[in-house]
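Here's a quick briefing on the salt bridges in this protein. Have the sequence and the structure open while you read.

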Amino acid sequence: ISSCKISQDYFPHNEGKKIFYDVFFQDKENKKKNFRQSFYFLPKTDKSIPVLKNDGELIFYEFEKKGITKKNTEEFLSPNQDFKPQLLLAFPIKENQEWEVDDKTTIQMKLGYDRFYETNLPFILKNKIVSTNETVSIKGKKIKNCIKVSGYGKTSYYPDPTLGNINIEIFTTTYFAKGLGLLKYSREERSDSETMGRIIYEKTLIF
């Protein structure tokens, strides 16, 4: 009961409300791109919060015994299938709480001048609540009592004997704020090869 009450504070349902995020992306060529992402909250079901993204994707957030999960439409409509929804925040909400999720790399491999290949390498992302009283500053506005979640994963790729084994590390940081939900998210994928380099993705709530 306590975890459910806290989760409502850090992941509120705002039916009919649209929220916006500033998104920053830097690719392996250090080319930077900024764009905006929006989420529209639809009427809540028994235990799910359906949200429509600006790209047309419909996602469902659910409050379960183990924590708050995220499902796509196929996962939501086929609950008996062998899907493994993404666990965003594990219960109980406390420092040093740990959990693991399945993920895939998004970093690209570049060969020559114009050949790009998606990696999509599966790996385990290990998450941990490192603090429940963080203060986050966004454009001069301070938000107190935020939950900070740090994630780390690693994998490797062996394309051919010439390039050898390429190691990839993934670092994520997520902040949840009372009354606001997901406040800020950052992700870095870093390799030890020039063919992949590194990418940076950041998403920040717009007030």
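A salt bridge here is a side-chain nitrogen of Lys or Arg within 4 Å of a carboxyl oxygen of Asp or Glu. Going by that rule, there are 11 salt bridges. Keep in mind that this is a predicted model, where local features need pLDDT of at least 70, side-chain atom pairs count only at pLDDT 80 or more, and totals for chains, interfaces and linings use all residues. Residues are numbered from 1 along each chain as its sequence is written, and side-chain values use heavy atoms, with hydrogens and water left out.

**A pair between strands**
- R187 and D103 make a salt bridge, with N and O 3.0 Å apart.
- That pair ties together distant parts of the chain, 84 residues apart: R187 sits in strand β13 (residues 181–191) and D103 in strand β7 (residues 98–104). Strands are DSSP runs of E, at least two residues, numbered from the N terminus.
- R187 is buried at 11% relative accessibility, while D103, at 21%, is partly exposed. Buried means under 20% relative accessible area, exposed over 50%, and partly exposed in between (1.4 Å probe, protein chains only).

**A buried pair**
- K71 and E62 also pair up, and their closest N and O atoms are 3.0 Å apart.
- Both K71 and E62 are buried.

- E188 bridges to R190, with 3.1 Å between the closest N and O atoms.
- E188 counts as buried because its relative accessible area is 15%; R190 comes out as partly exposed at 36%.

How values were computed. Helix = DSSP H or I, 4+ residues; strand = E, 2+ residues; numbered from the N terminus.
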